[in-house]
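Hi,

Here is the structure for your files. Please have a look at it before you read on; my notes follow below.

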Amino acid sequence: MAVAMSLTCPGTYCGRMMVNGSVEGECGVCPRGQRANHQNVCQRCTESPELYDWLYLGFMAMLPLVLHWFFIEWYSGKKSSSALLQHITAMLECSVSAVVTLLVTEPVGEFSIHSCRVQMLSDWYTMLYNPSPDYVNTLHCTQEAVYPLYTIVLIYYAFCLVLMMLLRPLLVKKIACGLGKSDRFKSIYAALYFFPILTVLQAVGGGLLYYAFPYIILVLSLVTLAVYMSASEIQSFKNLVTKKKRLVVLFSHWLLHAYGIISISRLDKLEQDLPLLALVPGPALFYIATARFTEPSRILSEGGNGH
């Protein structure tokens, strides 16, 4: 009863309900879609997400699509027409899932969401901050303080999985006749592995990803671009433009570079942040300019001549 009668609630996330303009009830968990304010009163989340929040949601939405494309390309072999249709279907699945997820989130039926602002890392892990006022009994106030950034991603992954299971097997069975029976569905089997992994990643590391995703995008896009250009033996602009696929890969990585730069800068000061986008082609140009000097055969031949 000491908890109920005190003016303030223990812990950061415990609060009381506001009923008819007055604060009533005992301290406890706020309903979904609400969080405790500084006066420990449960307040409805009515703010719109910031640009950074949308960029985070975009990053989490891109992950399954990029993985779909990777495994489709990996297992499709030389059946380029089959792979292209699967790529388009994967994009359709993820796009429809994103639209449906937005429509079923508050406010229902609108392409906007109401959210509570992320204030600190602990907002993502409220289950670790349940207070014990008398050091014996724990007051459980676990809630989604970052509503709806935590659950909306999980809902999106569920829709992606359902749509994939409805659409992709029929498409693959019809168009991938050139592949063996065992290879035909491997990209779908891969998705059945990576969706649970992505779900656990969001459930356990959502808060860490929220703060780290811009740097993850930049590092991974730089590494994968370097690996691709090395594996494709691209050492000049001529090698780069000979195949359309290489240009598609290059521009895709440039988009990821730009996404990472915008996420880090948050475009707080447009006149300072927009010029940073001029750095986007830098890594590819640097690789092409220096590739000839790091060619292993050349280094070995020069070493042999030196001896």
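Which residue forms a salt bridge with R32? The partner is E144, and the closest N and O atoms are 3.5 Å apart. (A salt bridge here is a side-chain nitrogen of Lys or Arg within 4 Å of a carboxyl oxygen of Asp or Glu.)

First, the ground rules. This is a predicted model, in which local features need pLDDT of at least 70, side-chain atom pairs count only at pLDDT 80 or more, and totals for chains, interfaces and linings use all residues. Residues are numbered from 1 along each chain as its sequence is written, and side-chain values use heavy atoms, with hydrogens and water left out.

Salt bridges

The structure holds five salt bridges. Back to R32 and E144, which form one of them. R32 sits in the loop between strand 2 (22–28) and strand 3 (34–36), and E144 in the loop between helix 3 (80–104) and helix 4 (151–175), so the pair ties together parts that are 112 residues apart in sequence. (Helices, H or I with at least four residues, and strands, E with at least two, are DSSP runs numbered from the N terminus.) R32 counts as exposed, at 53% relative accessibility. E144 counts as buried, at 14%. (Buried means under 20% relative accessible area, exposed over 50%, partly exposed in between, with a 1.4 Å probe and protein chains only.)

D123 and R35 also meet through their side chains, at 3.3 Å from N to O. D123 is in the loop between helix 3 and helix 4 and R35 is in strand 3, so this pair ties together parts 88 residues apart in sequence. D123 is buried at 1% relative accessibility. R35 is buried at 9%.

R168 forms a salt bridge with E93, with the closest N and O atoms 2.9 Å apart. R168 belongs to helix 4 and E93 to helix 3, so the pair ties together parts 75 residues apart in sequence. R168 is buried at 0% relative accessible area. E93 is buried at 1%.

Finally, a network of salt bridges links E47, E50 and R117.

Helix packing

The axes of helix 2 (residues 51–76) and helix 6 (residues 186–231) come within 10 Å and cross at roughly 150 degrees. (Axes are lines fitted to C-alpha atoms over the stretch in contact, and angles run from 0 to 180 degrees between N-to-C directions.) The two helices are therefore roughly antiparallel (an angle over 145 degrees). The contact residues of helix 2 with helix 6 divide into 23 nonpolar, four polar and two charged.

Best wishes

Definitions and conventions: Parallel < 35°, antiparallel > 145°, perpendicular 65-115°, else oblique. Nonpolar A, V, L, I, M, F, W, Y, C, P; charged D, E, K, R; others polar.
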